[in-house]
Amino acid sequence: QRFGGLTWLTIRALRMSMAGDYHIDGVGTQKVYDDFLKFAGMPAGSAWFEVHRYMTVIGRDVTYMLGRLYLIELENMVKDAMGSKYDFKQFVYNWFKPGLRTLVVHTNAMNNYVCNNGGDKDKMKSKYSVDSAEYA
């Protein structure tokens, strides 16, 4: 499982590199596709799909990685706040409960989860947190 994760991290790094080549340096799609075939070890159809999926939307690859890094940070905050009460399944459930939303919405959902389940809410400090009292 770790090997598979490393493979996908490599592919994500390749996507970011290729997106920079394409959007910044003006490298053509064919060159990006050839590099994907060479370095990613993917079948031709999968490589074509990856190239077109990530080359058509500027910043998609970077946005994905920033969200991933924030999710790791948020999980660590929840672990710290919940202590021995931390439950990975509950973390995942509460992450997906709001649906596809901004990081602020997900952070606030985690704050609610921690507060309602006996966690230490003072350990849930993030630059993405929004205190609803500020807007009352």
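User: What is pLDDT, and what does the protein chain average?
Analyst: pLDDT is the predictor's confidence in each residue, from 0 to 100. The protein chain averages 78, and 87% of the residues score at least 70. This is a predicted model, in which local features need pLDDT of at least 70 and side-chain atom pairs count only at pLDDT 80 or more, while totals for chains, interfaces and linings use all residues. Residues are numbered from 1 along each chain as its sequence is written, and side-chain values use heavy atoms, with hydrogens and water left out.

User: How many contacts beyond four places in sequence does the model have for residues 132-136?
Analyst: Contact means heavy atoms within 4.5 Å. The model has 1 such contact for residues 132-136, where pLDDT stays under 50.

User: Why does the span of helix α6 agree with its 14 residues?
Analyst: The expected span is 1.5 Å times one less than the number of residues. For α6 (residues 103-116) that should be 20 Å, and the end C-alpha atoms are 20 Å apart, so the two agree.

User: What makes residues of α6 count as buried, and which are they?
Analyst: Buried means under 20% relative accessible area (1.4 Å probe, protein chains only). In α6 the buried residues are His 106, Thr 107, Ala 109, Met 110, Asn 111, Tyr 113 and Val 114. Their cover includes α4 and α5. After α6 comes Gly 118, with a positive phi near 80 degrees.

Definitions and conventions:
Helices (H or I, at least four residues) and strands (E, at least two) are DSSP runs, numbered from the N terminus. Buried means under 20% relative accessible area, exposed over 50%, partly exposed in between (1.4 Å probe, protein chains only).
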